[in-house]
Amino acid sequence: MRTVSTSPHLHSGADTQRIMLYVVYALLPSCAWGVFVFGLRAALVLAVSLAAAVLTEYLLDLVSKESTLWDCSAIVTGLLVGMNMPPAISLYIPAIASVFAIAVVKWTFGGLGANWANPAMAGRVFVFFSFTSQMSTFSLPRTIKAVEVASQASPLSLVKTVASSGQSVGLTSMQILAQQGVATSSFADRVQAATGISAYNVDAFFGNIPGCIGEVSKLLLILGGIYLLMKKVITWHIPVSFIGSFAVLTWVFGGLPLGLGFFHGEVLASILRGGLILGAFFMATDMVTSPVTHKGMLVFGCGCGAFTFLFRTFGSLPEATSVAILLMNIVTPTIDRFMKPRLFGEVKKGGAQG
Amino acid sequence: MNLSTFRKGGVHPPERKEYANSKALVRLPIPSELVVSMSQHLGAPAKPIKEKGDHVEKGEKIALASSFISADVHSPVSGTIKDIRKVTMANSVTCDAFVIEPDPQQPEAFTKKVDYQDYSKEKLLEEIKDKGIVGLGGATFPLHVKITIPAGRKVDALVINGVECEPYLTADHRLMLERTKEVLEGIMICNRILNPARTIIGIEENKKDAALALEKEIELRSLPIEVCLLRMKYPQGDEKQLINATIGREIPSGKLPLDVGAVVVNVGTTYAVYEALAYGKPLYERIVTVTGDCIAQPCNVIAPIGAKVKNLIAFAGGFSKEPDKLVSGGPMMGFAFYDEETPIAKGTSGILAITDEKDYRKSACLNCGKCVAACPIGLVPTKLYSLITHARYEEAMANHLMDCKECGCCSFSCPAHLDLVHAMKFGKRMGRKK
């Protein structure tokens, strides 16, 4: 049929559904690693959160007489919720998080594109504050053969607990972990012997640490992030400013709570622990809830980095990344209002034109 | 080599020049009927000076410029005016048009060379006005108005537009390759009128052969012209972007190239200037690229103004398959139309017959910012879109809606497939009404 429409008559091929699928592809390797190290239980958690998210979306579609399942955003939300769960969690918790994410955070505000917070992250924060103890108990990955213990706190909260008890003044977090008898994988031990890089960092990088299913393997998450950059789903602005500002603040002030003084923060260890990498590449970059201009993205990323650092270092709970991003989500409309792109031909006052 | 381009925004659409970029210029046989509209140019339509039943000569004036921004119209053939009626052009503008039946025998005309070397500046301008020359890049702004510089203003750069950044189109490319000397001659006429410090031809790197041909000829005759090869990026052929890419200046909102000391003239226009002065030939024909995946034999055809689209398509071997869309101009800014009886005008750079892109589903705006990154002007299209769809036109105007050139970068990039350009056009119209 011959059609008449407004120009342009070409399109880049960018597409909402494809963007969502690219995100899913980027997340899958990290999920697979989680299932590998934590066992089938982790797969079950992922399946439950995924199913709960998709089912909720489907039911709400019936209510509002819409069809939005095709855009695949519910799959991304469900997957991210599951990835943010400890592997041994009771299955109703990821289900609650998914339902909350889709129904409350997304649907009530008008559906995809109108939500003010990243649904998956708000879902995680909701269940974290509702079921704090279950949400902070982690199984050991199968790659670490530890005697007696089947579960323990994540390295992040372990160091925090010890440091706040005041028994470890002057020790680095690595030394604290060693003192607490935290085991490392034999692979990391060999790497440490060969290169001198701390086995704890090696384990954190490859994902041999207790933690949430999808956030332990930093290597696979970074590869996923690079994939998204290559597919132009995200730009470098948010991840780089997020991780960069966090790293600088950690380096300058991160040593203070451990009694190490200024400029003694453990940058690498801090970046590799917790949900920072997952947050910086996959949660903070959520298009709906981050600014539209590159300038705004940089401000947003720096804000995320600064708040993550503050909550992690001085807060009383181990939950930092997601709360920081949530806070910055609230600021996003304001950033967009003030960080407008420079109009072509507009000259700064007093500036000369080239 | 590190090539320059404009700094802000822009997109990289598929080029699709391969359909016609190796096809030499050919002349369209005179069709059995021409429909020459009075609105060949930007500004007021020309006023008819002939009547039904009159016989006209090839190149004879049939309508006169009716105001300052307007241009004369000439008959492309010798023939009889059968009718004066309304015609709807590809851009949906309806205006009066002469229906001309060409004589069976067409006289040879405008083949004798005229010596114009000792013409004064005023005489050159007068000739350009008399021959009805308008900008052939698409905007069809009357050339004599553009290059008549008001007292007290200075032009230090004449930028020649050989960018042809719209996908599919190859008319300017072939022209630069096949009429290299003539194009340069036309540029030198403009140069004489404006007397700029620099004369620069901007060409995108996918037309390197044309750039080399021009450079060779320039060197041979030691002309004061620079060839500036540009890195591919759309919309580099827009005046604002081309000036930014070639001489680094930015034209502020609401200003003209002249406000930064520059004048931009399309290569096709300079060729028309050459023909007007060297042969006294009015602008009554132009090069049209007939192309697209549904055209059997894509070509670059020299067609008389007023030829119908069906004549051009038949000349190009007809449709190889039924097209989803007919477009007048390039695919980024051209107008879709459906009637093959539509005549071409001075601004018709191409006729495309294309299959539509796969039908994507629209979603809500994701706030992804791709339109913001793509906008060469620095607008926030998503914001404007939401203002316009909520009928908040004045707010949209306050957010610089009127600076939008409808280049299409935003719609091209939008993963939600929102009709951003459509909204801009609509918003401008509603905003102007208030």
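This is a predicted model: local features need pLDDT of at least 70, side-chain atom pairs count only at pLDDT 80 or more; totals for chains, interfaces and linings use all residues.
Colleague: Let's start with helix α16 of chain A. What span should its 18 residues have, and how far apart are its ends?

Modeller: Helix α16(A) covers residues 321-338. At 1.5 Å a residue, it should span 26 Å. Its end C-alpha atoms are 25 Å apart, so the two values agree.

Colleague: Where does α16(A) bend?

Modeller: At Val331(A), by about 45°. A proline follows within four residues, namely Pro333(A).

Colleague: Which residues of α16(A) are buried?

Modeller: Thr321(A), Ser322(A), Val323(A), Ala324(A), Ile325(A) and Leu326(A) are among them. Further along, Met328(A), Asn329(A), Thr332(A), Ile335(A) and Asp336(A) are buried too.

Colleague: What do those buried residues pack against?

Modeller: Four helices of chain A: α5 (119-130), α12 (237-253), α14 (276-283) and α15 (294-314).

Colleague: Now the largest nonpolar core. Which residues touch the most other members?

Modeller: The core has 69 residues. Leu27(A), Leu80(A), Met83(A), Met85(A), Leu228(A), Val233(A) and Phe282(A) touch the most other members.

Colleague: Which helix gives the most to this core?

Modeller: Helix α1 of chain A, residues 16-38. It gives ten residues.

Colleague: Take Met83(A). What does it touch?

Modeller: Leaving out residues up to four places away in sequence, its contacts include Leu27(A), Ser30(A), Cys31(A) and Leu46(A). Met83(A) also touches Cys212(A), Ile213(A), Gly214(A), Glu215(A), Leu221(A) and Leu278(A).

Colleague: What lies apart from that core?

Modeller: Another core, of 50 residues. Val155(B), Ile201(B), Ala276(B) and Ile302(B) are among them.

Colleague: Staying in chain B, how many residues of helix α3 are buried?

Modeller: Six of its eight, so α3(B), residues 171-178, is mostly covered. The buried ones are Ala171(B), Asp172(B), His173(B), Arg174(B), Leu175(B) and Met176(B).

Colleague: New topic. How many aromatic pairs are there over all chains?

Modeller: The count comes to 19. One of them joins Trp33(A) and Phe36(A). That pair is tilted, with 5.4 Å centre to centre and 55° between the planes.

Colleague: How are Trp33(A) and Phe36(A) placed in helix α1 of chain A?

Modeller: They are three residues apart in that helix, so about one helical turn separates them. Phe36(A) counts as partly exposed because its relative accessibility is 40%.

Colleague: And what about Phe253(A) and Phe309(A)?

Modeller: They form a tilted pair too, at 6.5 Å centre to centre and 45° between the planes. This pair links distant parts of the chain. Phe253(A) is in helix α12 and Phe309(A) in helix α15, 56 residues apart.

Colleague: Is Phe309(A) buried or exposed?

Modeller: Phe309(A) is buried, because its relative accessible area is 3%. Phe253(A) is partly exposed, at 31%.

Colleague: Which aromatic cluster holds them?

Modeller: One formed by Trp251(A), Phe253(A), Phe262(A), Phe263(A), Phe309(A) and Phe314(A).

Colleague: Last topic, cysteines. What is a disulfide?

Modeller: A covalent bond between the sulfur atoms of two cysteines.

Colleague: How many disulfides does the structure hold?

Modeller: Zero, over all chains. Take Cys375(B): the nearest cysteine sulfur is that of Cys407(B), 6.3 Å away. A disulfide needs the sulfurs within 2.5 Å, so Cys375(B) is in none.

Colleague: Is Cys375(B) buried or exposed?

Modeller: Buried, because its relative accessibility is 10%.

Colleague: What about Cys410(B)?

Modeller: Cys410(B) is in no disulfide either. The nearest cysteine sulfur belongs to Cys404(B), 6.3 Å away. Cys410(B) counts as buried, at 9% relative accessibility.

Note on methods
Residues are numbered from 1 along each chain as its sequence is written. Chains are lettered from A and ligands numbered from 1 in the order in which they are written. Side-chain values use heavy atoms; hydrogens and water are left out. Helices (H or I, at least four residues) and strands (E, at least two) are DSSP runs, numbered from the N terminus. The expected span of a helix is 1.5 Å times one less than its number of residues. The bend at a residue is the angle between axes fitted to the seven residues ending there and the seven starting there. Buried means under 20% relative accessible area, exposed over 50%, partly exposed in between (1.4 Å probe, protein chains only). Contact means heavy atoms within 4.5 Å. A nonpolar core is a set of buried Ala, Val, Leu, Ile, Met, Phe, Trp, Tyr and Cys residues joined through side-chain atoms within 4.5 Å. Rings of Phe, Tyr and Trp (its six-membered ring) pair if their centres lie within 6.5 Å; planes under 30 degrees apart count as stacked, over 60 as edge-to-face and the rest as tilted.
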